[in-house]
Amino acid sequence: MNCNCTPNKSIKCDVTNCAHHCGTEDYCSLSCVHIGTHEANPTLDQCTDCKSFKKR
Ligand code: SF4
């Protein structure tokens, strides 16, 4: 995986398909992420999205 990735220990993430994911460590490398929703009235965790996601 990408070795120059600096994991942000404040942003835990399991989305290994994202270009910002740290690969061997389950953290995001960004200093800040944008979380949003695709629902009008979100009620479950799956209603939320990481809008900073970028395909690896
Ligand atoms: S941008 Fe979002 S989906 Fe991608 S690694 Fe960071 S927190 Fe995970």
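Colleague: Let's start with C47. Where is it in the chain?

Modeller: C47 is in the loop between β3 (35-37) and β4. Strands here are DSSP runs of E with at least two residues, helices are H or I runs of at least four, and both are numbered from the N terminus.

Colleague: What kind of model is this?

Modeller: It's a predicted model, where local features need pLDDT of at least 70 and side-chain atom pairs need 80 or more, while totals for chains, interfaces and linings use all residues. Numbering runs from 1 along each chain as its sequence is written, and side-chain values use heavy atoms, leaving out hydrogens and water.

Colleague: Back to C47, then. Buried or exposed?

Modeller: C47 is buried, because its relative accessible area is 7%. The cut-offs are under 20% for buried, over 50% for exposed and in between for partly exposed, with a 1.4 Å probe and protein chains only.

Colleague: And what does C47 touch, skipping residues up to four places away in sequence?

Modeller: C47 touches G36, T37, H38, E39 and P42. A contact needs heavy atoms within 4.5 Å. As for T37, it sits 10 residues from C47 in sequence, and their C-alpha atoms are 5.9 Å apart in space.

Colleague: Let me zoom out. How many helices and strands does the protein chain have?

Modeller: The chain has 0 helices and 4 strands. Read from the N terminus, the order is β-β-β-β.

Colleague: What size of box do the C-alpha atoms fill?

Modeller: Roughly 40 × 20 × 15 Å, taken along the principal axes. The chain has 56 residues, and buried ones make up 23% of them. If you take contacts between residues at least 6 apart in sequence, 21% join residues at least 24 apart.

Colleague: New topic: how many disulfides does the structure hold?

Modeller: The structure holds 1 disulfide, meaning a pair of cysteine sulfur atoms within 2.5 Å. The bond joins C5 to C22, with an S to S distance of 2.1 Å.

Colleague: Which hand does the link of C5 and C22 have?

Modeller: That link is left-handed, with -75° about the S-S bond.

Colleague: Which parts of the chain does the pair tie together?

Modeller: C5 lies in the segment before β1 and C22 in the loop between β1 and β2, so the link ties together parts that are 17 residues apart in sequence. C5 is buried at 19% relative accessible area, and C22 is buried too, at 6%.

Colleague: What about C32? Where is the nearest cysteine sulfur?

Modeller: C32 is in no disulfide, and the nearest cysteine sulfur, that of C28, is 9.4 Å away. C32 is exposed, with a relative accessible area of 58%.

Colleague: OK, which loop is H21 in?

Modeller: H21 is in the loop between β1 (8-12) and β2 (27-28). Its relative accessible area is 3%, so H21 counts as buried.

Colleague: What does the side chain of H21 reach?

Modeller: The backbone nitrogen of G23, at 2.9 Å. That's a polar contact: N or O atoms within 3.5 Å, one able to donate a hydrogen and the other to accept it within protein, with sequence neighbours counted only if both atoms are side-chain atoms.

Colleague: Which residues is H21 in contact with, leaving aside neighbours within four places in sequence?

Modeller: The list is C5, C13, D14, V15, T16, D26, Y27 and R56. R56 also has a polar side-chain atom 3.2 Å from the backbone oxygen of H21.

Colleague: Tell me about R56. Where is it found?

Modeller: R56 is in the segment after β4. R56 is partly exposed, with a relative accessible area of 43%. Its side chain reaches the backbone oxygen of T16 at 3.1 Å. Along the chain R56 and S29 are 27 residues apart, and 13 Å separates their C-alpha atoms.

Colleague: And S52, what does its side chain reach?

Modeller: The S52 side chain reaches the backbone nitrogen of H34 at 2.8 Å. S52 is in the segment after β4 and is buried, with a relative accessible area of 18%. Not counting residues up to four places away in sequence, S52 touches H20, L30, C32, V33 and H34.

Colleague: Last one: what does K54 touch, with residues up to four places away in sequence left out?

Modeller: K54 touches N17, C18, A19 and H20. K54 is in the segment after β4 (48-50). From K54 to T37 it's 17 residues in sequence and 16 Å in space, C-alpha to C-alpha.
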